[in-house]
Amino acid sequence: MTDSDEGTRDDAAGAEGDHGDGDEHGEHEPHREEFHEDPVGHTRATAEMTVSELVDGYGDAGIGAAAVNEAGDVLAEMFANDDCTVFLSLAGAMVPAGMRRIVADLIRDGYVDALVTTGANLTHDAIEAIGGKHHHGRTHDPEKTPREHDEGLRDEGVDRIYNVYLPQEHFAEFEGHLREEVFPALEADPDAEGGSGAGDDAVSIADLTRELGRANAEVNDRDDVPEGPGVAAAAYECDVPIYCPAVQDSVLGLQAWMYSQTADFTLDALADMTELTDLAFDADDAGCLLVGGGVPKNFTLQTMLVTPRAYDYAVQITMDPEATGGLSGASLDEARSWGKLEKDARNASVHGDATVMLPMLVAAARERVE
């Protein structure tokens with residue numbers, strides 16, 4: 001027998017003696033600090049289930065279902081906290097895709113204290129408030145190339161947002177709405193103290209969105225429009241501010257600029273910062289629901305950088321991956337490193353189509369709270 005063989009036998013004997021508590025096959029479970037026994041269950045889906053019950057059941061499952069369950073828990077706790085100031089960040093084509101009523105209802109029912117969104121969503125919201133409609137369309141024509149399909153839509157005067165169509169004449173109606181019902185009310189009074197220069201009487205973007213909500217509500221009621229007055233109107237009627245930090249990047253912003261060329265009207269892009277920061281500063285608790293990314297997400301999160309506090313709750317819905325380094329896919333844990341979330345904040349991220357995930361999470365959370 002070689003020394004090597006003997007050493008091997010001694011090691012084996014020692015191992016056998018040291019691990020006599022193994023199972024009947026002589027195998028030993030490794031020491032596990034990370035692992036805790038928590039078997040995956042199997043979600044049920046039955047005819048009589050509510051949305052909340054389905055989301056609760058997701059907690060038995062893994063991967064994306066578990067994330068949806070956690071997000072539902074955080075959102076319900078945030079909504080149920082009467083001391084929590086809730087900021088809703090809304091990016092993407094959520095209004096054209098049919099999410100307008102969900103957002104308006106959240107505002108009207110007291111679940112949202114501030115909305116941060118895009119000029120595009122406000123544009124499409126106003127178009128529906130004054131009688132326009134978005135329509136079901138298709139992404140391509142099987143008998144044409146994608147380019148030929150969109151060239152044909154161009155010739156027909158129809159704009160496409162994925163599988164949603166919008167006739168271009170609605171933008172002309174929107175322009176008339178702004179010029180007749182919205183901008184004049186914001187135009188500087190030449191007799192007002194301080195002069196009538198464009199820089200002297202600039203209005204905040206929040207003032208613009210507030211006036212837009214007022215006009216949307218009045219025209220919607222006056223013209224007996226079948227569709228509800230929408231998001232901006234709900235915010236106006238409930239005194240919920242709407243912040244639109246990139247309003248220039250939209251038809252609404254483009255029309256505001258065109259109007260300013262011939263009228264005493266201009267916007268102050270920094271004026272909203274004080275109002276939004278004060279809202280965050282005065283909050284007992286703070287929470288955010290981030291739908292999509294982009295400017296609305298960052299504008300909502302960065303507010304906490306100039307307050308002594310951070311968000312106590314955060315739920316994010318996104319389709320963007322974290323690995324690109326872009327903000328839209330950035331994790332909420334990363335936001336914690338910046339001081340935008342409290343160290344002990346409850347947060348959850350759901351990766352998926354917001355037109356699918358937002359209604360599910362809102363329905364589940366509202367069912368629990370109400």
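Which residue in β5 is the bridge partner of His135?

Analyst: Tyr165 in β5 is the bridge partner of His135. First, the ground rules. The model is predicted, so local features need pLDDT of at least 70 and side-chain atom pairs count only at pLDDT 80 or more, while totals for chains, interfaces and linings use all residues. Residues are numbered from 1 along each chain as its sequence is written, and side-chain values use heavy atoms, leaving out hydrogens and water. Helices (H or I, at least four residues) and strands (E, at least two) are DSSP runs, numbered from the N terminus.

β3 and β5 (residues 164-167) run antiparallel and are joined by two bridges. Strands count as paired if DSSP finds at least two bridges between them. The open sheet has three strands in the order β3-β5-β4, with antiparallel pairing. β3 (135-136) and β4 (158-161) are the edge strands, each pairing on one side only. Helix α6 (residues 146-156) packs on this sheet and touches β4 and β5. Contact means heavy atoms within 4.5 Å. The direction of α6 makes about 140 degrees with that of β4. Axes are lines fitted to C-alpha atoms, for helices over the stretch in contact, and angles run from 0 to 180 degrees between N-to-C directions.

Next, a helix pair. The axes of α5 (residues 119-129) and α7 (residues 169-186) come within 10 Å and cross at roughly 90 degrees. That makes α5 roughly perpendicular to α7, a term for angles of 65 to 115 degrees. Thr123, His124, Ala126 and Ile127 in α5 meet His170, Phe171 and Phe174 in α7.

Now β2 (residues 114-117). Ala114 and Val116 on one side are buried, as are Leu115 and Thr117 on the other. Buried means under 20% relative accessible area (1.4 Å probe, protein chains only). Four bridges join β2 to β1 (residues 84-90), and the two run parallel. Leu88 stands opposite Leu115. The chain crosses from β1 through α4 (residues 100-108) to β2, a right-handed β-α-β crossover. Right-handed means that, with the strands pointing away from the viewer, the path from the first strand over the helix to the second runs clockwise. β2 also pairs with β7 (residues 242-243), parallel, over two bridges. Here Leu115 stands opposite Ile242.

Last, α11 (residues 271-281). Its buried residues include Asp272, Leu276, Thr277 and Ala280. Down the axis, the buried residues fall within an arc of 125 degrees, so they line one face of α11. The arc is that of the directions from the helix axis to the C-beta atoms. Among the elements covering these residues are β1 and β7.

Notes. Buried < 20%, exposed > 50% of the residue type's maximum accessible area, 1.4 Å probe, protein only. Parallel < 35°, antiparallel > 145°, perpendicular 65-115°, else oblique.
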